[in-house]
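Colleague: I would like to learn how to read aromatic rings in a protein model. Could you walk me through an example?

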Amino acid sequence: MILNDTRVIRARLRGRKEGGEALIEIFLLKPVSQPDSGEIAWEALVRPGKRVKPGKRVILNGNVPVTVMGEGRDGTRICCFPDGLDVMSYIDKNGEIPLPPYIHNPFIDPERYQTVYSRSTGSVAAPTAGLHFTRRLLSKIDGLGVLRKNITLNVGLGTFRPVKVSDIRDHVMHREEGFIPEETASEIMNKRNSGGRVVAVGTTAVRALESRTLEKGVLEAGPFSTDAFFYPGYSFRMVDVMITNFHLPKSTLLMLVAAFAGLELTMKAYREAVAKKYRFYSFGDSMLIL
């Protein structure tokens, strides 16, 4: 059983436009440069973006100035922090966990939006299929003799941006970073070669494994980045079983599920879920696809 051990960062920062009172939100996505002085440039979403012209500054909480540069693909911006600032320490102290917009309880414990096995900081959203697992449940799974291993795929914009093109083959995924340990890759190959099955917890684990599987079925270890988009017609090379939530229409996540389970079976399952009022989204119900 393969779990994505990524951990959600406090990616939501708030401030004001320099010289004004306009409230600005900066939603960090990922660092895009690593100069000697540290990671100072981040790809981000800026809201409201129209109020911040390229080259203008936003003064964040703690009196930290950030220069917002021009708009890139998917409406993202580049935000430059001051030289020498420890950005991750600043985020940990001043940022907010970016809970989904349908969570309105301001007092929810941010740890509820982390998996119990999270450890590799870098995501802006949780790998939500893993939110179903408690330490007690994982212990019971271990007791059944299931070999449990971690991989990492940092969840970014590509995971939750909807598909807006009429032909899904024209959709462009946002690149996400990941890592597969050598030991994990070796154990997976040993299990598969001895007749075992690979159970991926969540679409992010599926994307990581399939992105790193060669045509001959060999899983490559090491760091990687992927913009892979899986939709009906794709033949899976590594994953045999998937655990996942119920996803939104027009999402790449639902299209991946339809590729894995087949479109007809997927739609049948979703009609059942709607009829029986299953819960959708991050804290929703789960399914096991054999």
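Modeller: Let us begin with Phe260, which is buried at a relative accessible area of 17%, because buried means under 20%, exposed over 50% and partly exposed in between (1.4 Å probe, protein chains only). This is a predicted model, where local features need pLDDT of at least 70, side-chain atom pairs count only at pLDDT 80 or more, and totals for chains, interfaces and linings use all residues. Residues are numbered from 1 along each chain as its sequence is written, and side-chain values use heavy atoms, leaving out hydrogens and water.

Colleague: How is a pair of aromatic rings described?

Modeller: By the distance of the centres and the angle of the planes. Rings of Phe, Tyr and Trp (its six-membered ring) pair if their centres lie within 6.5 Å; planes under 30 degrees apart are stacked, over 60 edge-to-face, and the rest tilted. Here, a search of the whole structure finds twelve aromatic pairs. In one of them, Phe230 and Phe236 have ring centres 6.2 Å apart and planes at 45 degrees, so this pair is tilted.

Colleague: Is Phe236 buried or partly exposed?

Modeller: Phe236 is partly exposed, at 21% relative accessibility. Its ring and that of Phe260 have centres 5.0 Å apart and planes at 80 degrees, so they are edge-to-face.

Colleague: And which residues form one aromatic cluster?

Modeller: Tyr102, Phe246, Tyr270, Tyr278, Phe280 and Tyr281 do.
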